[in-house]
Structure formats: C-alpha cells, structure tokens
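Hi,

Here is the structure I promised to pass on. Have a look when you get a minute, and my notes follow below.

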Amino acid sequence: MLKNYLKIAWKVLGRNKFFTFVSLFGISFTLAVLLIVATMLEDLLNPKYPEEKGRRTLVVNEVTMRDEDRSSMSRSAASFHFLDHYVKKMKTPELVAINSNGNSATAFVGDKKLALDLRYTCENYWQVFDFDFLEGKPFGSTELDNNAFVAVISENTRDQYFGLGEQVVGKTIILNGVSYRVMGVVKNVPFFRGSTAADLYLPYSTVPWDYRRVGFLGGFEASILAHSRSDFPALKAEFNDMVSRIDIPEDEYLQLLEVEAKTLLEHIASEMTASDRNPVGMFLGILIGGMFLFMLLPAVNLINLNTSRIMERASEIGVRKAFGATAHSLTIQFLVENILLTLLGGVIGLALAFIVIQILNGSGWIPNAQFKVNFIVFLAGLSFVLIFGLLSGVLPARRMSKMRIVNAIKGGES
Amino acid sequence: MIKHLFKLIWNQKRKNAGLLFELFFSFLVLFAVLTFIIYNMSRYREPLGFNYKNVWQLDLSWNALNEEEQLAAQQLFQEQLKNYPEIEKFSFTNRNTPYGSSMHINSAGYGEKRASSHTFIVDENYQDLYEISLTEGKWFTEADMAAGVRPVLINEILKDELFGDEPVLGKEFQAYGEDPGRVVGVFDNYKYEGEFSNSTAQMFLSPEEGHVFSSILLRIRPGTGANFEEKLLKDLTRIAKGLTARVIYVDDNRKSKLLQVWLPMLIFLVISGFLIFNVALGLFGVLWQNINIRKAEIGVRRAIGATQGNIGRQFIGEVLVLSTLAIFLGTFFAIQFPLLGVLGMPSWVYLAANAAAAIVIYLLVAFCAFFPSRQAAQLHPAIALHEE
C-alpha cells in the first residue's frame, strides 16, 4: 500500500513542476538557513579547540563596582591583584588560569605593519586550555619567575612575521619595540573564543605597566577549571563567599563589589543580551523566538500551497471516494505525499547548508573558523522539517478527505 | 464593485484566510526591516562634521611613568612631532575620539537647568586637525586657556538644552560637574560615533593646567606608510622610556564601525528578501490554482458580456482588496510603535516604513496576480464553459 502511495506521490510531484519547485525551494532554503545558523551557534556555545574543557570551566571576566547609593558605577575586566590574590587561592577548583584581555602589540616586517592581539597569561593557562603546539612548548613558572621575555605565537603570526611554515623556535620577534624569544607556535584560534583567541601569548611578568596594583578593576580575566561539572554549585558558593568577605578600604569611593563566576553559556548570553536579569533565558528565548518567526512564513506559505495543490486533485479524490476509499486512507495518502516532499526538500537543504559552510570555511570571511555540520544539528533540523511537513499537510488533507463526493467529482467548490 | 469583491472574498473565506495571514505577516517583516533601514539611512545622510581621511591616532599607555615624567614627555612630544615632514598637523586629545570605543559623559548646568553632555577634552589644535565647522565664535587659543576660566565649545543641542534662545558667547556655566567654563564658540555636527549615530549634546573642553592626554591625532601626508610609523614609535619610546604606544588608522576604525550597521542591514535584507521571494512564489501558485478552479465562473461571465479587461480587473481587484485588508491589520500593529514610543525613533520613520511596506506588498501582489489574471482573461468563453 505504502509503495503505491509513494509511487503516486512521485508521479504527482513530477506532474506539476512549478508547485513542486516552489515547495522545495521554501523547504530547502528554510532548512539550510536554520542549519547554518545552528551550526555556527553550536560552534560558539559548545566548547571547541582549544577550550575543550569548557564544560567544566567557569570564567570571571567582569567586575562591577558601585558606590553605596548605587548612583555611580564602574565596570571592566578584573584586576590581576583580585584574581591572583583571591581567586587563585580558592580550594574547590582544580586549576585557575589568569590571562589578560584586549591588549595589542605592533610588529613590523619590512614596510608592513602587523597589528597583533595579545594576551598575557600565567603558567596554568596552558593546562586549562589544550592548545595544539606545531612546534616548541609553552612557557612555565621558570620563565615567569626569571622574568624571561619569551613568546608563544600563533600559526598566522608566524606565517606573517617569519614566513610560511618556517621553523621559528628560538628566533626573535620584536613587539612594541621589545625583543621576545619565540618558545612555541600554536594552531590558530577563531576570534570568538572568549578566553583564548589571540595572535600571541606572553608571560604576565613582561606586562609593561604596574599590573600588581591593589584594586579590583583591571584588564585581566580568570578561567576556573573544576574537577567536574557537579562541582559548580560548590565552586560558585565558595566564590561568592570569598567575594563577600573582601574588605574594601573605607576611603574608596566605590564600596560595593559585584563579580560572578559564569559558565560559557551564561557569559555569552549576558554579553549578547546586555541584560542583568536572567540573560540565559532571554538569550535562548530570543533564539527560539527568532527561529520560530523565521519558520512561520514559509510554513504558512506551504499550507496555502498544499491546500491549492490538493484542490486541484479534487476530481481524483471524488473518484476514489466513490469507489470506497475511506477518509482515513485518503488522509494517510496525502500525508505520505507531503512527507516525501519535505524529506526531499530536507535533503536539498542539507546539501545547500553543507556547500555554504564549505565556502565559508574556505573563504576566510570568519577568520580561523572551521565549522562542521553536526549530526545532532542535522537530526534536529530533519525533525523540524518532518513536523513542518506534517503540520502543513494535515490541515489540507483532512479538509479534502471530508469533501462530499458530488462536489469533489465536480472539481472542488466545497 | 468593491462591495462585490468583498463578497467574493467572503465566499472563499477559508482559503483566503491563509493568504491574508501570509500577506499580513509579510507586511510585518517588511515593516520591521524597512524601519531599521530608513532610520539608519536618515542618520547616514546627516553630515558627519569632520574629515577622517589620513588621520592616525597614536594611543599612549604611560605604564609605570609617574605624572611628572608624563608631563615632561608630553612637552617633548609637542616639539618632536613638529620635526617630521610626514605629519601635517597634530592634536592632543583624550581617548574618546571619532570611531573609537570610548565615550565620556558628564553633567553640565546653567542656572536651574542641567543637561548631560558628551565631553571631549582636547587641545587648541583639534578643530584645525579634524576640520570641524563652527556656527558661532572661535576655537579656543592658548591665550584663552591662560585667561582663568576654562574655555568651552558647545553644540547646538547642548545650547538649546541649557541656554534656550539666550546669546551664549562669553557666558559662564558649570561645564564639568561644578567646574566653571566659559563659552567661546558653538560648533556644528560632530558625529564622532560614526555616520549612523545620533546627534547628542556635546562639548569640547580645554584641558586643565597640567593635564596629561592619552592620545595624539596626526594628520599624515598621503602615501605615508608603515616605515614612518615604525620610526615614529621608536623615537617616541626613546624620549619616554617605558611608554607603550600604538598607531590606529582612523579610516580602519571607521570601516569596522560602519560594518557594525551594514552587516546586520545586509543580513536582514537577505533574510527578508528570501522570505518575500518565497511568499511571492507561493502566492503566484495559489492564485494560478484559484483561477484554474474558477474557469466555469469566468465562462459564464464572458458569455453574458464581460470583456477580457473586466475579468482581469476582477481577479487583480480581489487580491488587492485582500492585501488592503492585510495591510490595515498590519498597520494597526505597526502604529503602536510611534504611539507608545518604545524604540525612541522619530515617528516619521515608522510612517515612512509603513507606507513603503504597503507599497512593496501591493507591487508584489499585483505582480503575482498579473499573469494568472491575464491567463484567465484570455480564456475563450466556449472553452471555459465547456468545463461545466
């Protein structure tokens, strides 16, 4: 029976090519766009190179200070003093890594200028994050203690400064007029990895300003690695307790200290929504709402089209009914047709998404990003499509199967 | 005629409800996208008020230098920068410069009135460097700065907020918190946050005695490259040991700032374009199908004397009435934005977007209905009636 339905469905799709094209276009493009967006989000939200341990990492990257009547406030990244003196001494974490954010260095090659994003990091940084070293190794506490001017550079920086694929460990790179010895070369990191994207990494002991100054606001952030995700509540509790115990000198104007240890999702959500209250809920709400709105129009369009398409076959239905087909079996038949159509659209959509992502990866429009269509994302997309197909098929099919035989044979006009 | 069309639509209400919803939703999408675009383009058309070409921004990080060392270095820089033929003009300023990411807002007052103002602390050469035009008075000079009360320039918006229609030149007011300032001039547009930004209340404030600046703007002779930049940075760090300096090309900053608006605009356009194209194709299919089903009706009308034009007009008229309904419904929602004033855009933007969205919908529908209607009109009465 099913085989028959499929055969008929295939014939029908071929008969009215315009309708088939319009439906397939709507389905496949909608799915392709959703898949591409979902793939990018998956890459952004799911821990990836070199933040593979991101699932059990909390970040501290924003400190807010207010005065007592909350009329003035100051917000920035944290100070080295706060992270080194308080956060690093916590008991629950496995490791705490400190790195700076938003620094840059200028280097010159011939008559070309390189503007490089730079992070000052501590020795734990290389344990918390799993960088792939193409050559050399990271710096450790020896280099930090000896105040050594050493650098870990990215593949990109190496290619631009020394030349494509050179062996560079031990060579000298001049940054902001200061000489550094290259210790290692790491694989590039895409720009949207909040804690690890940079062109070069230097030991914090070479920071040129007075970074050990006492205070809470500064240019540093910390990544706290927990033994496991289940430690998060304990870790956050210890963190909040530690913050509440901090004594702020009375002559300071800003007396209230607000700082939080956040998960990656919490961090991205609060950055995207700029909201203080439940940013995660808002972020997911906007995402899901946006996708729903985006799907609504093609879905309504598909329903309208399906209704018309079925209307056209009114006389066929009339004849089948006259020969005893039940409303039930007619509904099933139309649903099978519709699902076949949506699956076909889904396959085309997947292919489209795949091609677009390959082009994106190859073009370098999004620096250093390598997106992959994830199987789960694909399954989610496909189930979306099936629901889409069912919803847009059920309504017209039911209406048609209820039509009176006389009207149907006459050609519609229910 | 219209009444008749309504009746026809009502007779097919189930089928038309789908179309109506589709058109209504398309209208809302268009309204949102067009509001965004019209608003930004109206911002873009307003003059920028300064010339960013060939300007370099030299950002200074004083690091561990103490205040005396900083001041001494600043004096030396003043002399040193005059020596380079590559530098046409230069001006010292705080970090809140055009296309940068910093802003500084402070509260100013005159009599009972208070207003918050974007405040730029700059030196006497700033106007000359950025070619800012004044509507009244003159930029401050070193003589003005030595004369006691700090000279200040305000823009028209701040002038209106604080002084209203009073003449302002020479007036003293609380320019910087409680610190007094004396108005020496009024300046025109200065959209330092970029072409797409809103004009706000602003003032240029002369520095206090002993103020240490954090940036230097350089107008560079065209064609100057990284070689000079390297030399300049080397010279400056030789003068002030421990200083870190970097050069930002203002033109690069401008591009990335503009991209922050162009990019979403492009994405919205592409997405709404896709949605509308999808709807157009669907509409075309549905209309075509509808007309095919109504062959008998067409035959009868032709047989009793309706012309081809009559038939064509009837079908186009039907969809136009339907889209008018959808647009009315959409306008009801759209009109809430200016009424409630939620997004703080001027009302005319919403009205223009509403009208533009309506026009696009009408054009789209008329275009989609044209071919099926013509096909219907060209049906021979005999063939059309044959179906019956």
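Chain A is assigned two domains: domain 1 runs over 2-47 + 281-410, and domain 2 covers 62-261. Bear in mind as you read that this is a predicted model. The C-alpha centres of domain 1 and domain 2 of chain A sit 48 Å apart. Five residues of domain 1 of chain A are in contact with five residues of domain 2 of chain A. On the domain 1 side of that contact, four residues are nonpolar and one is polar, with no charged ones.

Now for chain B. The assignment gives domain 1 (2-46 + 258-386) and domain 2 (63-242). In chain B, the C-alpha centres of these two domains are 53 Å apart. Six residues of domain 1 of chain B are in contact with six residues of domain 2 of chain B. On the domain 1 side, helix H2 (13-45) and helix H8 (250-293) of chain B each put in at least two residues. H2(B) gives the most there, with three residues. By type, that side of domain 1 of chain B splits into three nonpolar, one polar and two charged residues.

While we're on H2(B), one residue in that helix that I looked up is Phe36(B). If you set aside its neighbours within four places in sequence, Phe36(B) is in contact with Met265(B) and Phe268(B).

Chain A brings 31 residues to it and chain B brings 32 residues. On the chain A side, the elements giving two or more residues are helix H2 (17-45), strand S5 (103-109), strand S6 (112-121) and helix H9 (279-312). Which of them has the largest share? That is H9(A), with twelve residues of the side that touches chain B. Sorted by type, the chain A side comes to 15 nonpolar, eleven polar and five charged residues.

Cheers

Technical notes
Residues are numbered from 1 along each chain as its sequence is written. Chains are lettered from A and ligands numbered from 1 in the order in which they are written. This is a predicted model: local features need pLDDT of at least 70, side-chain atom pairs count only at pLDDT 80 or more; totals for chains, interfaces and linings use all residues. Two residues are in contact if their C-beta atoms, placed from the backbone, lie within 7 Å. Helices (H or I, at least four residues) and strands (E, at least two) are DSSP runs, numbered from the N terminus. Ala, Val, Leu, Ile, Met, Phe, Trp, Tyr, Cys and Pro count as nonpolar, Asp, Glu, Lys and Arg as charged, and the others, Gly among them, as polar. Domain bounds come from an automatic or database domain assignment.
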